[in-house]
Amino acid sequence: MEIQYIKGVGPKLSKYLNLLGIYTVKDAIYYFPRDYEDRNNIKPVYDMVDGEMVSIIAEVSLIYPSKKTSTGKYLNRIIFKNSSGYIVGVWFNQPYIKNTFKVGERVLLYGKVSKRMGEVQLIEPQYEKNPGEAVGGINPIYPINKYVSQKVIRKIIYQSLLNVEKEVSEFLPENLRKIYNIPDIVTALKNVHFPADKFVLKLSIDRIKFEELLVLQLGLIMAKNQLSVKENAYPIPVCKEMKEFKDALPFNLTGAQSKCIREILTDMKKTKPMNRLVQGDVGSGKTIVAIIAMFNCAMNGFQSAMMAPTEILAEQHYHSITGLLNRWGITAALLTGSMTKREKDEVLKRIASGEIDIVVGTHALIQENVEFKKLALVITDEQHRFGVRQRAELISKGHNPHVLVMTATPIPRTLALFMYGDMDISIINELPPGRQKVDTYFIRPAMKNRAYDFVKTEIEKGRQAYVVCSLVEESEKLEAESAVETAEFLSKNYFKDYNVGLLHGKMNPKEKDEVMNKFKNGEIHVLVSTTVVEVGVNVPNATVMVIENADRFGLAQLHQLRGRVGRGQYKSYCILIAEAKTNEAVQRMDIMTKTNDGFVIAEKDMELRGTGEFFGTKQHGLPELKMADLVRDIEIVKKTRDIARELVETGKIFESEYELLRREVNNKFGDSFDYTMFN
Ligand code: ADP
Ligand code: MG
């Protein structure tokens with residue numbers, strides 16, 4: 001049922017609700033509180049502690065007239081009293097507040113305690129007039145926008161819940177609910193929003209987490225089972241040219257790279273298909289590891305395919321591969337969405353005939369009708385940009401091929417195990433020698449010109465720079481437009497004596513290519529870009545990364561962007577330009593200036609914002625988790641994982657009792673399997 005059928009929702013409000021992602025009554029029912037206020041915490045004034053949230057019932061005792069502060073704000077103070085003492089309500093810039101109260105009136109106040117100069121204050125407390133004796137209860141606090149207030153969203157959700165029986169049906173079988181003490185779905189949904197008490201609230205939240213995680217686990221396990229791991233991959237021995245190949249590389253492999261390569265080559269010798277995740281921070285040198293695996297495969301007469309999330313990256317890999325492998329008589333080809341049909345058909349024919357040993361491509365690799373002659377190795381680079389389904393589709397092109405997955409996203413081991421099923425994991429925990437820390441600075445927009453002066457001095461030294469733009473909040477402009485404007489501005493001002501290039505996702509691939517090549521050749525000094533340069537791009541001569549509106553990015557993304565510099569012998573710098581209006585934003589910028597370690601950044605990010613940013617399921621092409629958190633709820637993760645495994649292994653999942661659960665899994669995964677993050 002559409003949300004506008006709810007009482008009180010007109011066209012306007014329904015538009016505002018859409019902005020919150022609420023289109024239907026069911027969406028509203030699944031729009032969960034971000035927090036709760038416990039109005040049962042009623043204390044005498046003398047027991048109140050600074051910083052805590054409290055409720056108090058008191059009488060209006062004195063209303064002061066509005067006062068203007070030195071900073072030009074209106075300050076309003078109202079004194080309330082009850083038998084335990086006096087408490088002062090403080091409001092800023094809400095002069096009308098003084099007219100909403102009358103002396104002698106009884107009110108319930110709820111807010112944060114601030115103890116200042118001998119006073120107990122509540123800062124901008126919520127209030128309810130003439131409350132009954134049995135006040136309080138636990139109230140939901142929803143994420144809102146400036147068009148929809150707490151009051152309104154509460155009402156909408158309350159109304160929506162009146163239809164809950166029509167909108168949702170129980171899909172967890174009764175026996176499961178009995179064993180694990182799980183409330184039914186209607187009880188759970190009602191209590192998640194408007195809890196009867198703390199105990200039921202906890203049970204209800206846990207139920208929602210349980211169902212989300214169980215569905216996720218079942219989907220993952222069932223997807224994996226489709227890729228039946230049979231013992232009939234092509235066994236690929238280490239070719240006799242391997243040593244010569246390694247010796248001819250322009251650098252010595254790091255210890256971590258060598259170890260990882262050993263693990264891969266050992267896997268490939270077996271008839272059991274390799275299933276390995278290579279995890280290494282940006283710049284740790286994952287590409288060469290992949291190239292060596294493909295080299296070995298080709299020298300044994302087999303084909304390999306490598307999938308990258310952007311055309312720029314696919315091309316770059318293609319060039320690295322041909323550069324290193326051509327002289328061994330190995331033929332590589334590129335397959336991307338932007339090639340003409342004729343070009344594609346030509347490549348497809350040569351892949352099918354087996355003439356091409358290595359194919360590098362974007363998702364075109366799975367979209368086009370690619371038929372391989374003898375595909376034995378499948379690699380996905382920057383796996384976090386692909387969905388589970390896409391990896392599975394590429395794998396299905398081969399006959400139980402060996403699988404290698406590469407990612408720069410640091411994932412704690414427990415989570416990696418969960419995300420990637422039973423993959424083996426190699427970690428490249430060492431950067432090539434000579435790499436220096438990328439010095440990172442956080443500056444305010446007012447200091448911008450100093451940043452650009454600095455860029456100039458680097459260009460004078462022969463280096464190059466990136467300037468990454470993003471949107472300023474609530475701007476209607478396309479990201480691309482903002483890059484176009486910045487490029488224009490910079491080329492007319494700071495960098496009028498240099499070449500400024502422009503790169504964004506809306507350009508056609510030929511143009512992108514040209515620009516990228518010019519940047520690589522050093523013809524472009526400053527590359528103004530959107531986040532399309534985020535993954536994988538490798539131009540070792542670039543030493544400065546300027547990120548405008550840096551507070552608009554997550555830490556993971558900033559870390560990836562910063563990884564574009566510091567890839568060669570030169571000292572490199574990252575300059576974050578941001579207003580950073582909130583405390584959290586400042587903290588995030590500070591973290592970036594303090595460490596270059598992806599794992600540390602991941603941890604800090606989790607502390608600040610939960611797992612969403614780094615380990616969010618959406619990032620991995622999985623259904624979104626609205627309530628559960630893969631780190632905080634690790635116990636439920638484990639429990640549901642065991643349950644899902646048992647259901648699948650025993651075949652119980654196919655019994656009629658589980659039909660609705662199966663359907664739920666299909667629904668959830670059906671949507672998200674197609675979820676991609678291509679620029
Ligand atoms: P990532 O792990 O981010 O994919 P790349 O594979 O793109 O990193 O490697 C980053 C840069 O480091 C490339 O220029 C690559 O040639 C270089 N490189 C890789 N391994 C080594 C090594 N062992 N010694 C020196 N440079 C290396
Ligand atoms: Mg890479």
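Biologist: Which polar backbone atom is 3.0 Å from an oxygen atom of ligand 1?
Modeller: One that belongs to Gly285. That is a polar contact, meaning a pair of N or O atoms within 3.5 Å; within protein, one must be able to donate a hydrogen and the other to accept it, and residues adjacent in sequence count only if both atoms are side-chain atoms. Keep in mind that this is a predicted model, where local features need pLDDT of at least 70 and side-chain atom pairs count only at pLDDT 80 or more, while totals for chains, interfaces and linings use all residues. Residues are numbered from 1 along each chain as written, chains are lettered from A and ligands numbered from 1 in written order, and side-chain values use heavy atoms, without hydrogens and water.

Biologist: And what does the side chain of Thr287 do there?
Modeller: An N or O atom in that Thr287 side chain sits 2.6 Å from an oxygen atom of ligand 1. On its own the ligand has 570 Å² of accessible area (Shrake-Rupley method, 1.4 Å probe; for residues, only the protein chains shown count as cover), and the protein covers 85% of that.

Biologist: Which residues come nearest to ligand 1?
Modeller: Gly283, Lys286, Thr287, Arg435 and Asn538, out of 16 around it; near means a heavy atom within 4 Å.

Biologist: Switching topic: where is His317, and is it buried or exposed?
Modeller: His317 is in helix H12, residues 311–325; helices (H or I, at least four residues) and strands (E, at least two) are DSSP runs, numbered from the N terminus. His317 counts as buried because its relative accessibility is 2%; buried means under 20%, exposed over 50%, partly exposed in between, with a 1.4 Å probe and protein chains only.

Biologist: What does His317 touch?
Modeller: Leaving out residues up to four places away in sequence, His317 touches Thr287, Met306, Ala308, Val360 and Asp381. Contact here means heavy atoms within 4.5 Å.

Biologist: Where is confidence lowest and where highest?
Modeller: Helix H23 (612–615) is lowest, with a mean pLDDT of 50, and helix H11 (286–299) is highest, at 97. pLDDT is the predictor's confidence in each residue, from 0 to 100.

Biologist: Last one: what is the phi of Ala580?
Modeller: Near 45 degrees, a positive value in a non-glycine residue. Ala580 lies in the loop between strand S21 (573–577) and helix H21 (583–594).
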